[in-house]
Amino acid sequence: MTRPANRPAARSSGGARAGAGRASADRLARLLNLVPYLLARPGIEIAEAAGDLGVTERQLREDLELLWVCGLPGYGPGDLIDMAFDGDRVTITYDAGIDRPLRLTPDEALALVVALRMLAETPGVANREAVERALAKIESAAGDLVAAPVEVRLPADGRRVEQLSAAVERGRALRITYYTAARDETTERTIDPLRMLMVAGRAYVEAWCRRAEAVRLFRADRIDAVTELDEPAVVPPQARPYDLTEGVFRPSPDLPLITLRVGRGERWITEYYPCEHVEAGDGDRWLVSLRVTDLGWARRFVLGLGPDVTVVAPAELAEQVRAAAVAALEAYAVPDGAPAADPAVSASRR
């Protein structure tokens, strides 16, 4: 392999990191076009290639560095795309088979068709027509390979999702009855929908909430009732869509911080919830600190975890959990003077 003299021998991932913030789809299309372009023009000058491809020389060099770590599974010598540099000229010396037509196995074709069918049914897809065109081409090319009786369905709230999606497409305001799990309350709201989203397998409608006077995400399976109004959705100019790159819940310093001592059986919460601090304690116990929307949600959360969890802080939460536990125990207490239940009868009712 021949590399330019002004570059280190190790394959650099700097180009890949530099391009991480750019539009992934645009860069993928450019990389796929780059290999056949260079194969047809061995020894072309980088400046000329950059001009033909409509990118800067720096961008082209970064793309070439990324190609060095692209190739076939195995990703070892003989698997990755390779190239040679002679001054400012570049030649593809191994294309990793990218010039050959794609051949799908029956399992690969079926998996791709199922994925595209699911994508076509997912709310919030920006270019559904492109998905449907790609699906039609693959189904036509695969023929009987994808004729297996496969049914693709969204989660159980699919009917509600369809209702919400239709209202979003029509640009109508909605009146909804919504259950807020964090506060354990149901409220009536009028919302102006922006878009439908699918995050971590759950459907959401993102909308301007007239009650909160802010953009909110409403989970479809927590919307108990929907009424489409005879007025158009009017979204104020200051409304901004959520940034969901870090998930739906984004802890902030102004939210309550709770600290729990958890046993081995409850360590899963450190993987399921965003935690600020996790520290190994005595024995198998860990100290876990995390932000919560409010202490009411935290009380229900802790009570649901069971006896292997202790509230360390804040004291207010510990008192709320203790009071709720005492009240639950008192509900099972036998009044003074009441006859004890017959064990045989109790057993037969279980």
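Student: Which side chain meets Asp63 in a salt bridge?
Tutor: Arg30, at 2.7 Å, N to O. A salt bridge here is a side-chain nitrogen of Lys or Arg within 4 Å of a carboxyl oxygen of Asp or Glu. The pair links distant parts of the chain: Asp63 sits in helix H4 (residues 57–67), Arg30 in helix H2 (residues 24–39), 33 residues apart. Helices (H or I, at least four residues) and strands (E, at least two) are DSSP runs, numbered from the N terminus.

Student: What kind of model is this, and how are residues numbered?
Tutor: This is a predicted model: local features need pLDDT of at least 70, side-chain atom pairs count only at pLDDT 80 or more, and totals for chains, interfaces and linings use all residues. Residues are numbered from 1 along each chain as its sequence is written, and side-chain values use heavy atoms, with hydrogens and water left out.

Student: Back to Asp63. Buried or exposed?
Tutor: Buried, at 1% relative accessibility. Buried means under 20% relative accessible area, exposed over 50%, partly exposed in between (1.4 Å probe, protein chains only).

Student: How many salt bridges does a search of the whole structure find?
Tutor: It finds 13. One of them joins Glu206 and Arg195 at 2.4 Å, N to O. Glu206 lies in strand S6 (residues 202–209) and Arg195 in strand S5, so the pair ties together parts 11 residues apart in sequence. Glu206 is buried at 0%; Arg195 is partly exposed at 31%.

Student: What order do the strands take in the open sheet?
Tutor: S7-S6-S5-S4-S8, with antiparallel pairing. Strands pair if DSSP finds at least two bridges between them. The edge strands are S7 (214–219) and S8 (223–232). S4 (residues 172–180) and S5 (residues 185–199) pair over 7 bridges.

Student: New topic. Which side chain of opposite charge is nearest to Arg267?
Tutor: Asp284, 4.3 Å away. Arg267 is buried yet has no salt bridge. Lys and Arg count as positive, Asp and Glu as negative; His and the chain ends are not counted. Arg267 is in the loop between strand S9 (257–262) and helix H8 (269–272).

Student: Which residue forms a salt bridge with Asp284, then?
Tutor: Arg264, with the closest N and O atoms 3.1 Å apart. Arg264 is exposed at 53%. Asp284 is partly exposed at 40%.

Student: How many disulfides does the structure hold?
Tutor: It holds 0. The cut-off is a pair of cysteine sulfur atoms within 2.5 Å. Cys70 is partly exposed, at 26%. Cys275 is also partly exposed, at 26%.
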